Amino acid sequence: MRITGCGYNFCHDSSFKADRPNGAGGYIFLIIRSPARITINGNDHFVKGNTVIVYRRESPHIFGAHKAPFVNDWVRFNPSEGDLADLENLGIAFDTIYEYPDIYDLSYLVKLLSVENRSANQNADETTRLLLRMLFLKLSDSIAKKPAAGSDLTERLTSLRNSIYSDPQNHWSIGTICQSLSISPSYLQHKYKDLFGNNIKSDITASRLEYSKYLLSTTNHTVRDISQMIGYENDVHFMYIFKKKLGVTPTEYRALSVKEAK
């Protein structure tokens with residue numbers, strides 16, 4: 001299976017729409033990390049994010065943002081007949097919308113693919129092939145999993161995590177979340193970390209920072225305005241968290257983004 005292109009963390013504004021009636025010149029593994037409108041066989045589907053579609057070469061690509069900036073990762077590839085048979089055996093159907101709860105697992109693999117695809121390493125071809133194989137295996141595993149008995153809370157926490165990453169501008173409150181789930185804060189923290197490996201506050205912070213990076217690099221909003229847009233009560237706290245997590249201030253990040261874009 002040969003990779004012909006890939007992209008990680010592509011961000012577009014809320015007016016973005018892709019309309020490619022003849023496809024994009026190859027098979028596409030598309031990861032949509034934000035709210036989106038997707039048209040399949042003439043039918044519109046609205047998703048909150050955390051969505052994967054594997055398009056055939058000739059399949060129409062009709063999708064776009066829905067009330068929020070559009071964020072996606074993608075891999076274009078050319079499969080052999082044997083590769084297509086393998087995907088069928090893995091239970092992966094083309095032109096089908098799949099929800100994938102922990103979408104950042106897949107995004108990280110695409111990030112590695114992007115690096116390896118540009119690498120001069122003599123083993124780069126083999127490395128990219130293996131990383132692409134991992135993408136398909138993880139998707140197959142997600143498709144095959146069945147909810148366990150008594151997993152209602154697990155499903156609700158998975159939906160919550162999807163919402164945290166697809167709606168970073170929400171003023172997330174642990175107290176409000178616990179009230180909606182009818183559980184205590186301590187149990188929420190324990191169960192959330194047990195399921196996802198991160199505590200809920202870390203995911204809220206990561207989601208906010210990812211969105212703030214998009215706003216800093218694509219808009220002229222002030223740092224103070226952005227801090228309020230992503231749920232922080234004041235810009236001082238936002239600047240402290242940003243610097244602590246990313247190593248630069250929001251203003252420095254904006255300057256670097258402008259410089260790289262030139």
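The place of Asn50 is in the loop between β5 (43–47) and β6, where helices (H or I, at least four residues) and strands (E, at least two) are DSSP runs numbered from the N terminus. The model is a predicted one, in which local features need pLDDT of at least 70 and side-chain atom pairs count only at pLDDT 80 or more, while totals for chains, interfaces and linings use all residues. Residues are numbered from 1 along each chain as its sequence is written, and side-chain values use heavy atoms, with hydrogens and water left out.

**Residues with positive phi**

Asn50 has a phi near 50 degrees, a positive value in a residue other than glycine, and it is buried, with a relative accessible area of 2%; buried means under 20% relative accessible area, exposed over 50%, and partly exposed in between, with a 1.4 Å probe and protein chains only. Asn9, which is found in strand β1, also has a positive phi, of about 60 degrees, although it is not a glycine, and Asn9 is partly exposed at a relative accessible area of 22%. As background, most residues other than glycine have a negative phi.

**The sheet and the hairpin**

An open sheet of five strands has the order β1-β8-β3-β6-β9, with antiparallel pairing, where two strands pair if DSSP finds at least two bridges between them. Strands β1 and β9 (98–99) stand at the edges with a single partner strand each, so one side of each is left without a neighbour in the sheet. The pairing of β6 with β9 is antiparallel and runs over two bridges, with Thr51 opposite Glu99 in β9.

Strand β4 (residues 36–40) has four of its five residues buried, so it is largely enclosed by the rest of the structure. Five bridges pair β4 with β5 in the antiparallel sense, and Ile40 has Asn43 of β5 as its bridge partner. These two strands, β4 and β5, form a hairpin with two residues between them, and Asn41 in the turn has a positive phi of about 50 degrees. Three bridges also join β4 to strand β7 (residues 61–65), again in an antiparallel arrangement, and there the bridge partner of Arg37 is Gly64 in β7.

**The nonpolar core**

The largest nonpolar core has 26 residues, and those with the most contacts inside it are Phe29, Val52, Val75, Leu135 and Phe136; such a core is a set of buried Ala, Val, Leu, Ile, Met, Phe, Trp, Tyr and Cys residues joined through side-chain atoms within 4.5 Å. Two or more residues are given to this core by each of β1 (2–12), β3 (27–32), β6 (51–55), β8 (70–78), α1 (81–89), α2 (103–117) and α3 (124–144). Leaving aside neighbours within four places in sequence, Leu135 is in contact with Phe29, Val75, Leu106, Leu109, Val110 and Leu113, contact meaning heavy atoms within 4.5 Å.

**Packing around helix α6**

Helix α6 (residues 185–196) packs against α7 (residues 200–218), α4 (residues 152–166) and α5 (residues 174–181). In the table, axes are lines fitted to C-alpha atoms, for helices over the stretch in contact, and angles run from 0 to 180 degrees between N-to-C directions.

| Helix pair | Axis distance | Crossing angle |
|---|---|---|
| α6 and α7 | within 9 Å | roughly 70 degrees |
| α4 and α6 | within 11 Å | roughly 80 degrees |
| α5 and α6 | 9 Å | about 90 degrees |

Angles under 35 degrees count as roughly parallel, over 145 as roughly antiparallel, 65 to 115 as roughly perpendicular and the rest as oblique. Helix α6 is therefore roughly perpendicular to α7, and likewise α4 is roughly perpendicular to α6, as are α5 and α6 to each other.

The contact of α6 with α7 is made by Leu188, Gln189 and Tyr192 of α6 and by Ile200, Lys201 and Asp203 of α7. That of α5 with α6 involves Ile174, Ile177, Cys178 and Leu181 of α5 together with Pro185, Leu188 and Gln189 of α6, and its residues divide into six nonpolar, one polar and no charged; Ala, Val, Leu, Ile, Met, Phe, Trp, Tyr, Cys and Pro count as nonpolar, Asp, Glu, Lys and Arg as charged, and the others, Gly among them, as polar. The contact of α4 with α6 has nine nonpolar, two polar and two charged residues.
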